[in-house]
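Please keep the sequence and the 3D view at hand while reading.

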Amino acid sequence: MKTWILLGAPGAGKGTVAEMLVQEANVRHVSTGDMLRSAIKAGTPVGLEARGYMERGELVPDKTILDLVGDLIRSEASDRTILFDGFPRTKDQAAGLDLLLAGFGGKVDAVFQLDVPEALLIDRLAGRRVCRACGAVYHIRNIPTRVDKVCDKCGGEVIQRPDDTEETVRNRLAVYARQTLELIAFYRERGVLFDIAAGGPRQETLQAVLRAAASHSV
Ligand code: AMP
């Protein structure tokens, strides 16, 4: 089993790249955010614990996250590469992941850092609009709706998410940068960090990730 990690600011396109890697590289995409949202829906003890933190936009305690990830790693019987998205978020989580993987003779093989200029991130997020009904995603300039504020797909109302206003976006980016700096340093020191230029078309970003993985046999 190989382990890859996807790092990228909000708006860097992590979700899209992960989806493409699932199709092209047969990886198993693991988003701790998705796992926590399912736990909340299912009303499990982890969900009950995580809910408050998530609603406040705070990080869920490291131990809870590491327990979740530990269960997942133990249950992963196949040889497929695991691609973590949204994990690790702290250095303690990164150290905990090392311990978990070491138990299976594994390690973090590659960390792909999606690099997008800040001005572009702000434009992508602050210009993003979503359909209230079906969740379709638009952009005021790049992917406009045919009729103002009306979803092309379902006719639902198209709105701006409250956390996509420019001020909130700047704050989210600052929080991300603060949280991630130490992780980037941690993995760069080990020589497993790959900086991927991710400001262009999504296909180019995907190819850059695949090239980095192939050229280093990770
Ligand atoms: P995400 O979907 O990755 O943006 O995560 C949504 C929320 O879930 C975050 O704001 C955190 O509250 C929580 N969360 C997800 N992954 C982690 C993690 N690795 N460590 C701590 N909290 C997390």
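## Sheets, helices and a ligand

Contact here means heavy atoms within 4.5 Å, while helices (H or I, at least four residues) and strands (E, at least two) are DSSP runs numbered from the N terminus.

The model is a predicted one, in which local features need pLDDT of at least 70 and side-chain atom pairs count only at pLDDT 80 or more, whereas totals for chains, interfaces and linings use all residues. Residues are numbered from 1 along each chain as its sequence is written, and side-chain values use heavy atoms, with hydrogens and water left out.

Strand β1 (residues 3-8) and strand β3 (residues 82-85) run parallel and are joined by four bridges, and T3 has I82 as its bridge partner in β3.

**The antiparallel sheet.** A further open sheet has three strands in the order β6-β5-β7, with antiparallel pairing. Because β6 (137-139) and β7 (158-159) stand at the edges with a single partner strand each, one side of each is left without a neighbour in the sheet. Helix α6 (residues 118-126) packs on this sheet, touching β5 and β6, and its direction makes about 30 degrees with that of β5. Strand β5 (residues 128-131) is joined to β7 by two bridges, the two strands running antiparallel; C131 has V158 as its bridge partner in β7, and V130 stands opposite I159 in β7. On the β6 side, β5 pairs in the antiparallel sense over three bridges, and there the bridge partner of V130 is V137. The strands β5 and β6 form a hairpin with five residues between them, and G135 in the turn has a positive phi of about 80 degrees.

The ligand is surrounded by 13 residues, of which T32, R37, E58, G86 and Q93 are the closest; a residue is taken as near the ligand if one of its heavy atoms lies within 4 Å of it. Helix α2 (residues 32-42) supplies the largest share of this shell, four residues. By type, the shell divides into six nonpolar, four polar and three charged residues, where Ala, Val, Leu, Ile, Met, Phe, Trp, Tyr, Cys and Pro count as nonpolar, Asp, Glu, Lys and Arg as charged, and the others, Gly among them, as polar.

| Protein residue and atom | Ligand atom | Distance |
|---|---|---|
| T32, N or O atom in the side chain | nitrogen | 2.8 Å |
| V60, polar backbone atom | nitrogen | 3.1 Å |
| Q93, polar side-chain atom | nitrogen | 2.9 Å |

The protein covers 81% of the 480 Å² of accessible area that the ligand has on its own, as computed by the Shrake-Rupley method with a 1.4 Å probe.

**Backbone details.** A cis peptide bond, with omega about -10 degrees, joins F87 and P88, and P88 is found in the loop between β3 and α5 (91-102). N26, which lies in the loop between α1 (14-25) and β2, has a phi near 50 degrees, a positive value in a residue other than glycine. S217, in the segment after α8 (202-215), likewise has a positive phi of about 50 degrees although it is not a glycine.

Definitions and conventions. A polar contact is a pair of N or O atoms within 3.5 Å; within protein, one must be able to donate a hydrogen and the other to accept it, and residues adjacent in sequence count only if both atoms are side-chain atoms. Two strands pair if DSSP finds at least two bridges between them. Axes are lines fitted to C-alpha atoms, for helices over the stretch in contact, and angles run from 0 to 180 degrees between N-to-C directions.
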